[in-house]
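Hi,

Here is the structure I promised to pass on. Have a look at it first, and my notes follow below.

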Amino acid sequence: MSIISSFEEYKQQYQQSIENPEEFWSQIADTFVWRKKYDSVLKWDFNKPEVKWFEGGKLNIVENCIDRHLVNKARQTAIIWESNFADEPSRHITYQELFESVNQVANMLRQQGIKKGDRVCIYLPMIPQLAFAVLACARIGAVHSVVFAGFSSGSLADRINDSGCRLILTSDGAYRADKTLDLKSIVDEALLKCPTVEKAIIYQRTKGKVTMKPNRDLWWHEVVGFQSKACEAEEMDAEDILFILYTSGSTGKPKGMVHTCAGYMVYTNYTFKTVFQYQPNQLFWCTADIGWITGHSYILYGPLSAGATTILFEGVPSWPDMGRFWHVIEKHKVNIFYTAPTAIRSLEQAPLSFVNNYDLSSLQVLGSVGEPINVEAWHWYDENIGRKNCPIVDTWWQTETGGIMISPIANVTPLKPAFATLPMPGIQPAVMSEKGAEIIENNVEGRLTIKFPWPSMARTIYGDHQRFRDTYFSTFPGMYFTGDGCKRDEDGYYRITGRVDDIIIVSGHNLGTAEIESAIDEHSSVCETAVVGFPHTIKGQGVYAFVICYEMPKEGETLRQEIREIVSKIIGPIAKPDKIQFVRGLPKTRSGKIMRRILRKIAEGEVSSLGDTTTLLDPAIVEEIKAGAL
Ligand code: PRX
């Protein structure tokens, strides 16, 4: 399957992928190393739902991401690690070194008794050992569950327990700009509630003081360094679990999305090469954290399976100053740069001198992911970073989809600012009316669904297939429902308008309102809470909490502070409410359901169009909330 190089070719390949998906995907699958070729390309039934790609095939994804490149690329850099500290030397890790480091960690895991199918939690900062840990699990067939190292001990414990992890890989601490985060004490607190964890392996990053628990905790350097640099990779079935990654849901319990080996490998590789039009020897930088799906798919698996050089960045865009991204681009001569709208919007606030101090002429392609990019940020990115010379690929996808679904193809698809444009080959989106009918024509708005399976779709929610079905396959039976709203314009271009469910996207992080509500309810003064999103100039969406207390607070600031701290402790700092309004009651229907639609409008400041409130138990409460809106 040739890489698409013109819009005509895109249309042809798209057509072919729809008419004959099995032939299309098998041609791509045949570019990988299989220990045994698959017997069938696709078996599926969205009613169950059950999806199997490349059944009967045997492989190991790490052999495809590392081993096969050693013939020609052993000395090529696989990963460039860029520290939190601009003056700490960056590290260039060749494919050979990556191979050896991954094997040592893999051997250590095997020595600790970890076998194929065991779950391993990874709670590490963005350091090379995070990449080694992920790939080491995949090499021995252990299921990795990476938890973003900004989550609190409670969130970490919930995720460990949900999948019954046997071992955790972590570090003493993490650097974040000028702060040090005590990861090990967060882990210690979490593990008090995690009976399945037998061992914790601690990497020394900050050299802070930690307490080691005998018989449980081991120093990374004491158990990894002496291991053999060779390690036989486990033979995996195509549909064996590769990893679990948690995402927020509309109940308080996070969902462990399950991704499997072969389909995920094929699709992340294909989309990496196609969307970004990756050319050998280009340098690719995705600024996401490996704690999220973007990092899994487009820092590690996609680029490495393509034999690319990928940057792993420990720092933040704003420290030591607002020019850090641009400094890194100049320093390493980055060719493809993939970031999030929230980062673009925050950097846009800084004087242009932070950009203009650096030579960004190496850039060839820009990308955006995680939330809708507003037209203004799009133009700023285009003019000041791309110098009107680089296509912007606005890539729409989800943790659940594993890889990019709707996106321009760089230098191929004619762009429209803020449009994710057209589906990737093999992806069949449909716009549905609220009543559940597919809208065929263009120039419409509705709910975004996908009608046909693609290789990297999540197969289930770990331990809860019924929830998987209820969440994604029951709203529109026989289709995958994304939870997003969209518009399709006269050219058939898609523009994603945002979530239509109870998930809000704050600085690109997916948060369930129910999760935040139950955290706020933990405060002893709080009786009930409703959380909604509101437009925020930098974060995209902010968190707005309407809180009922047992006694209306006289001076709210102390309580607000306490509530923010509780949320930060229970979920993590990313979920802290931006606005907390104390109210006497919430708009509820006669059956007791909170009318979030009304609260959303109030939070958005659109109080003139609240719609029908007559069905409410106490319509007067709406007026009161409106009057006190922040
Ligand atoms: O609402 C969409 C938004 O992010 C959601 C998925 O979040 P998550 O699973 O955390 O994965 C983020 C990284 C892939 C989607 O349901 N979203 C993601 N990309 C875009 C987007 N919204 C608009 N435009 C995008 N390019």
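**Domains, ligand, backbone**

The protein chain splits into domain 1 (7-316 + 395-486) and domain 2 (507-627), with bounds from an automatic or database domain assignment. Before you read on: this is a predicted model, where local features need pLDDT of at least 70, side-chain atom pairs count only at pLDDT 80 or more, and totals for chains, interfaces and linings use all residues. Residues are numbered from 1 along each chain as its sequence is written, and side-chain values use heavy atoms, with hydrogens and water left out.

Back to the domains: their centres, taken over C-alpha atoms, are 33 Å apart. Domain 1 puts 15 residues into the contact and domain 2 puts in 13 (contact means heavy atoms within 4.5 Å). About 940 Å² is buried between the two, with carbon and sulfur atoms giving 46% of that; buried area here is the accessible area (1.4 Å probe) that two parts lose on being put together, summed over both.

Now the ligand. There are 18 residues around it, and Asp394, Thr395, Thr399, Asp484 and Arg499 come nearest (a residue counts as near if one of its heavy atoms lies within 4 Å). The shell is made up of seven nonpolar, six polar and five charged residues; Ala, Val, Leu, Ile, Met, Phe, Trp, Tyr, Cys and Pro count as nonpolar, Asp, Glu, Lys and Arg as charged, and the others, Gly among them, as polar. At least two shell residues each come from α11 (293-305), β20 (392-395) and β26 (494-499). Helices (H or I, at least four residues) and strands (E, at least two) are DSSP runs, numbered from the N terminus.

For polar contacts (pairs of N or O atoms within 3.5 Å), a polar side-chain atom of Asp484 sits 2.6 Å from a ligand oxygen. Backbone N or O atoms also reach ligand nitrogens: one of Thr395 at 2.8 Å and one of Glu371 at 3.3 Å. The protein covers 95% of the 540 Å² of accessible area that the ligand has on its own (Shrake-Rupley, 1.4 Å probe).

Most residues other than glycine have a negative phi, and most peptide bonds are trans. Lys48 and Pro49 are joined by a cis peptide bond, omega about -15°, and Pro49 is in the loop between β1 (40-45) and β2 (50-55). Phe54, in strand β2, has a positive phi of about 55°. Another cis peptide bond joins Trp319 and Pro320, omega about 5°.

Cheers

Conventions. Polar contact = N/O pair within 3.5 Å; in protein donor to acceptor, adjacent residues only side chain to side chain.
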